[in-house]
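Here is a short note to read beside the model. The points cover pockets first, then salt bridges.

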Amino acid sequence: MTSTGTVLDEIIAGVREDLEHRRRAVGEDTLRRLADQVDPARDAVGALRGDGRTMTLISEVKRSSPSKGSLAPIPDPAALAHVYAQAGANAISVLTEQRRFGGSLADLDAVRVQVSVPVLRKDFVVDPYQVIEARAHGADLVLLMASALDDDALRRLYDLVGELGMTALVEVHDGPELERALRLEPRVIGVNARDLKTLQIDIERACELLRQVPAGPVAVGESAVHSVEDVSSYARAGADAVLVGEALVTAGDPAETVAAFRAVAREGRLTNMPQGSEEVSA
């Protein structure tokens, strides 16, 4: 749900305008046919559960952000994604919003060809067309933001993601949004330390919210990750995974940073693992 005049509202207005241009160029029926032709979506939930012992990592291809402006030029997103995957990233996030983040669906296409791990389309998804579009371009995960969607839209888009064989990363940033998200019984839930309506960050609030996520879904800490200690903070709060962009694209050695973040031990939610799984018993 949005409030008039927020940063989030401004971003979504641009997203909707750009979406209509793409819809006029490629009709939904054509898009569905294209989606039917791509390989089945990869197992994102299994990838993010990992071995149950150390944190898993969604490494992001991120050129810029509304809060920081330009971060890195990234002329070859596929090459960067390859570095991430080789260093141990469990999934790759690709920003496809162009106006504020400098991303594109072409970036998603390039990354999908390059890596074998699951790929997340990270965008402000507000219309079923975008979900079908994500599948047509090979996405395995789709971000759904509770802050950008009312209950009916959230449910409709969540169901469509599943119908197309993908996994929804349902993102929340406060208690009411968490309650709404949990009604979906999501398999992956993200807690964002950044309030996209104001761009303010509060990692302590995010960690407190993570402690309220029940066993079952994979829990992902998002934003405010700049160091191993930040990853450890999310781990102590019960996160299974973290989504990291800025710290990786600005790092002198992104592979080293990926490896360091991946080495952080999980602490709080091993009950999240399915009973009898090999990861728990090994």
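1. A pocket here is an open set of grid points with protein on both sides within 12 Å along at least five of seven lines, and its lining residues have an atom within 4 Å of a point. Keep in mind that this is a predicted model.

2. Start with the largest pocket. It holds about 380 Å³ of space. Its lining counts 29 residues. Nearest the centre are Glu-60, Lys-62, Lys-122, Arg-194 and Ser-223. Strand E6 (141-145), strand E12 (241-244) and helix H11 (246-249) are the elements that each give two or more residues to this lining.

3. What is the make-up of the largest pocket's lining by class? There are 14 nonpolar residues, nine charged and six polar.

4. The second largest pocket has a volume of about 150 Å³. It is lined by 13 residues, and Asp-18, Arg-22, Thr-96, Glu-97 and Gln-98 lie nearest its centre. Helix H1 (residues 7-25) gives the largest share of this lining, four residues. By class, the lining has six polar, five charged and two nonpolar residues.

5. Now the salt bridges. The whole structure has 20 of them. One joins Arg-100 to Glu-10, with N to O at 3.3 Å. The partners are 90 residues apart: Arg-100 sits in the loop between strand E4 (91-95) and helix H5 (105-114), and Glu-10 in helix H1. Arg-100 is partly exposed at 29% relative accessible area. Glu-10 is partly exposed too, at 46%.

6. A second bridge also reaches helix H1. The side chains of Asp-127 and Arg-23 meet at 3.1 Å, N to O. Asp-127 lies in the loop between strand E5 (119-122) and helix H6 (128-136) and Arg-23 in helix H1, so this bridge ties together parts 104 residues apart in sequence. Is Asp-127 buried or exposed? Its relative accessible area is 15%, so Asp-127 counts as buried, the cut-off being under 20%. Arg-23, at 24%, is partly exposed.

7. Arg-32 pairs with Glu-28, their closest N and O atoms 3.7 Å apart. Both belong to helix H2 (residues 28-37) and sit four residues apart, about one turn of the helix. Arg-32 is partly exposed at 34% relative accessible area, and Glu-28 is partly exposed at 32%.

Note on methods. Residues are numbered from 1 along each chain as its sequence is written. This is a predicted model: local features need pLDDT of at least 70, side-chain atom pairs count only at pLDDT 80 or more; totals for chains, interfaces and linings use all residues. Side-chain values use heavy atoms; hydrogens and water are left out. On a 1 Å grid over the protein atoms alone, a cavity is a set of points where a 1.4 Å probe fits but cannot get out, and a pocket is an open set with protein on both sides within 12 Å along at least five of seven lines; lining residues have an atom within 4 Å of a point. Grid points are joined across faces, edges and corners, and a volume is the space filled by probe spheres set on the points. Ala, Val, Leu, Ile, Met, Phe, Trp, Tyr, Cys and Pro count as nonpolar, Asp, Glu, Lys and Arg as charged, and the others, Gly among them, as polar. A salt bridge is a side-chain nitrogen of Lys or Arg within 4 Å of a carboxyl oxygen of Asp or Glu. Buried means under 20% relative accessible area, exposed over 50%, partly exposed in between (1.4 Å probe, protein chains only).
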